[in-house]
Amino acid sequence: MRVALFLTCVNDTLYPDTGRAVVKLLTRLGVDVDFPMAQTCCGQAHYNTGYRHEAEPLARHFSDVFGAYEAIVTPSGSCGAMVRELYPRMGERARAEGRGDTLAATLAPVVPKTYELTEFLVDVLGVTDVGAYYPHKVTYHPTCHGLRGLGLGDRPRRLLQAVKGLELAELPGADECCGFGGTFALKNADVSAAMGADKVRNAESTGAEVLCAADNSCLMHIGGTMTRLRTGMRPVHIAEILASTEEEPAV
C-alpha cells in the first residue's frame, strides 16, 4: 500500500522525530510511505482564526499534492480533523455564497482517505499489536480534535495496551481540554495556563513517567507546563512509542 505522510507544520518545524517515527513504524508494517515535498499548511490556523477565504488556496494545494495517493496519514488529530470535518464545510460555504461547486469538487477526493495515525493502524491495517517495546509507565491524554472531531475512541489506548513493557495509567479528567486550542492559548493565556496546570496535576497524580498524546501541538503546551511546574514528567507522541522496539528502543 502506498501512502503519503502529511506531517503538518508543527511537526515539520518543531518535532521532526515524530515524522521519522511514523515512517519507521509504517515501514515496519509493510507500508510504502512517501513524503510529498510540495506539502504545506492545510489551512487550519487560518480557518480557525476567521480567515476562511485565505484558507481556501491552501486547501486546494493540499488536494493537488495528496490527491493521487491511496491514503494520507497524519500524526495530528487537529490537522486530520481540518481535512475531514472542515474541508467539506468550506465547499458548502463556497456553494452557499454563489461561487459554485468547484471548491467542493476539488477537496472531495482527499476527505475520506485522510487518516490520523492510530485510526489508520487500527481501521485500515487492522493491527493493534505493532511489535512495539516501551518499558515505561505512561498515561494517555485524548486530545480534543481526536476525541470529539475524529472520534478516535479507544484506538490509541488499544495500541498502547499492546506495547510490550508499557504500563498504562488512567488519566483523571482525561476528556478535559489541556487548554492549548491554537490561538486560544494566545488570546486567553490565563485561562489556557490554568487548564494546562489542571491537566498536568492530573497526569502527575498517576505516577507516570510519560504523558502521551496523538497531537504534538497539545503536547507542546502540556510539556511547557510540566517544565514550569518541575514535574519531572515527559511529553511523548504516541508515534514515537509505537515505533520503539527492543532492538531500537526510544528514550
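How much area is buried between domain 1 and domain 2, and what share of it do carbon and sulfur atoms give? About 2,000 Å², with carbon and sulfur atoms giving 62%. Buried area here is the accessible area (1.4 Å probe) that two parts lose on being put together, summed over both.

This is a predicted model, where local features need pLDDT of at least 70, side-chain atom pairs count only at pLDDT 80 or more, and totals for chains, interfaces and linings use all residues. Residues are numbered from 1 along each chain as its sequence is written, and side-chain values use heavy atoms, with hydrogens and water left out.

**View 1. The two domains.** The protein chain splits into domain 1 (2–124) and domain 2 (137–243), with bounds from an automatic or database domain assignment. Their C-alpha centres sit 22 Å apart. In the contact (heavy atoms within 4.5 Å), domain 1 puts in 28 residues and domain 2 puts in 21.

View 2. Look for Y15, T118 and V122: together they supply 22% of the area that domain 1 buries against domain 2, more than any other three residues.

**View 3. A salt bridge.** Between domain 1 and domain 2 the count is one salt bridge, meaning a side-chain nitrogen of Lys or Arg within 4 Å of a carboxyl oxygen of Asp or Glu. Zoom in on D123 and R155, which form a salt bridge with their closest N and O atoms 3.0 Å apart.
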